[in-house]
Amino acid sequence: MPMPQRARPNLFLSAALLLCMGVALAAKPPPAKPEDPLQASMAGEFALQSGQLSEAARQYLQAARSASDPVLAERATRIALLANEDALARQCFDLWQSLAPQASATRQAVAATLDLRAGKRRAARRELKGLLESGDDGWKQVLAALIGAVGQQPKLVADVLGDLVDDRAMPAKLEPWLGFGGLAQRLDQPALVERIVKQVVVRFPGEPRVALLRAQLMREDGKLDEARSLLAGLEDAAQLSGPLRWSLAGEYDALGDPVKAAAVLAYGPQDEISYAQRAGLLDKAKDKAGLASLYDEAKREATRPDPSRRLLLGQLAEVLERHDEALAWYASVPGEPARAIARLRSANVLFELGRKQDAFDDLRAMQSEAALQDETRRDAYLLEADLRLKDRDAAGELDAYARGLAAFADDQALLYSRALLWERRDDITKAEADFRRILVSVPDDVTTLNALGYTLADRTTRYKEALELIDRARVAEPGNAAIIDSYGWVLFRLGRNAEALDQLRRAYTLQKDPDIASHLGLVLWVMGRKDEARRYFEEARKIDPDNRSLRRAVQEVGA
């Protein structure tokens, strides 16, 4: 994903600044020539693109010194933090501060992260309290600073968060309390969570989102009946508020009751989005009766359905296995792009009817139809490959990708999907080749960098190369939980178990995901902490009992 653009530093200095100062004496060697800042910054960028973060930080630090450029010093600081080179990060930070002495919230947050990583509790508290007092968005900087040190100092982060709560330094707004309460929950600090909840209840009486927060925390603590009771008390208010209705439905879904979630979304006026979400929830619950009722409602509420409604009705009929009705609805959808989607769905229905050749013939026709948009034609190849996979036609699946790439050379979606095909077939060499073809066209594609790095870490012994790829992705999206998970996983493969555990905990703090939980469980098991490992395996199972990473981890350790 593209990063926000920063102001470019001025790297071109006058020749006079590059000359040695003073007069050289015969008895002394001439003073060393200052490093060319342009050359150093280019070296830093090359190192960064190669995933060599420590070297990149050093080169950017040298460039910042030579050019007296605070922008380069800030870049060096951030890269050093990503590399977990805290001493180097402190050097870069000190230079950044000296070159731009005026205070800024961004630099104050970095200072707090460095203090936390170094175990300086009082200094970190001072910086964080100052941020909370700086304005409406200061709490976001505080949250970022705390998360930046979770990997190295999880207990200290929890302690400092508790200090901020007890010092009554928190702003009088609900959003920060929700954010910090969520962080405390992910840090597995139930006592701190309870303290935050008590403060929230006192500060924001009658606020429905407070009850939602309490229900969420109860759910995550396994108190499902209490959570459900709290949610039931919000249903009247949800009938009058669209945002609350969606939040309440999401929490019911998280409780494992998608039928109730769909019923909550049925309150109030309906549109295509709410109908589609209700359909997804009922399909998730395999509630055919509910889907049939929704199908009748959607037909009844639209006497002259527009393209979106016709498409939705076709999809509902498809899920209900009323295939003839689905085909009729899809055939009635006018205009692009809805019409193109309907044609793709029709092919899927034909396949489910057993009319496989008709489905493939229709997709072939779409693939060669010049009037269609390129994206639609490309999607016809992707769908054909998917249907060939369902049909256990390995040769046909591969042929669909080959023809698609012949028509759309180096298309990222086709290459990425074929790379996953090769990985499933344990042909890692070919999977790598397709991932690298994407990177030739888009060198900074974060998804592909992370996918290739993870594949090399997981399926080969080329850990150093995997680390460099993952580090490149981390530079672009340092807060991406999936990338942090990959980073922790390659550290584990390198035998750096304690560091791996730190990073995986941070990833799980950002996102409760079955892959991350499975990786955490495996690392803890290897480190001899089997009871804790079992807890994470169980959390992964609750989220997705068929998760591939979970199955592999449990099989590997024999749990």
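This is a predicted model: local features need pLDDT of at least 70, side-chain atom pairs count only at pLDDT 80 or more; totals for chains, interfaces and linings use all residues.

**Aromatic contacts**

The charged end of Arg474 is placed over the ring of Tyr487, 3.7 Å from the centre of that ring.

Q: Over the face of which residue does Arg388 lie?
A: A charge counts as over a ring when CZ of Arg is within 6 Å of the ring centre and within 35 degrees of the ring normal. Arg388 is 3.6 Å from the ring centre, and the ring belongs to Phe360.

Q: How many aromatic pairs are there?
A: Ring centres must lie within 6.5 Å for a pair to be counted. By this rule the number of aromatic pairs is seven.

Q: Is the pair of Tyr416 and Phe435 stacked or edge-to-face?
A: The ring centres of Tyr416 and Phe435 are 5.5 Å apart, with 65° between the planes. Planes over 60 degrees apart fall in one class. The pair is therefore edge-to-face.

Q: Which helices does this pair of Tyr416 and Phe435 link?
A: The two residues are 19 residues apart and link distant parts of the chain. Tyr416 belongs to residues 412–424 and Phe435 to residues 428–441, which are helix H25 and helix H26.

Q: Is Phe435 buried or exposed?
A: The cut-off for buried is under 20% relative accessible area. Tyr416, at 24% relative accessibility, is partly exposed. Phe435 has 2% relative accessibility, so Phe435 counts as buried.

Q: What is the angle between the planes of Tyr508 and Tyr536?
A: Tyr508 in helix H30 and Tyr536 in helix H32 are 28 residues apart. Tyr508 is buried at 5% relative accessible area, and Tyr536 is buried at 6%. Their rings form an edge-to-face pair, 5.6 Å centre to centre, with a plane angle of 80°.

Notes:
Residues are numbered from 1 along each chain as its sequence is written. Side-chain values use heavy atoms; hydrogens and water are left out. Rings of Phe, Tyr and Trp (its six-membered ring) pair if their centres lie within 6.5 Å; planes under 30 degrees apart count as stacked, over 60 as edge-to-face and the rest as tilted. Helices (H or I, at least four residues) and strands (E, at least two) are DSSP runs, numbered from the N terminus. Buried means under 20% relative accessible area, exposed over 50%, partly exposed in between (1.4 Å probe, protein chains only).
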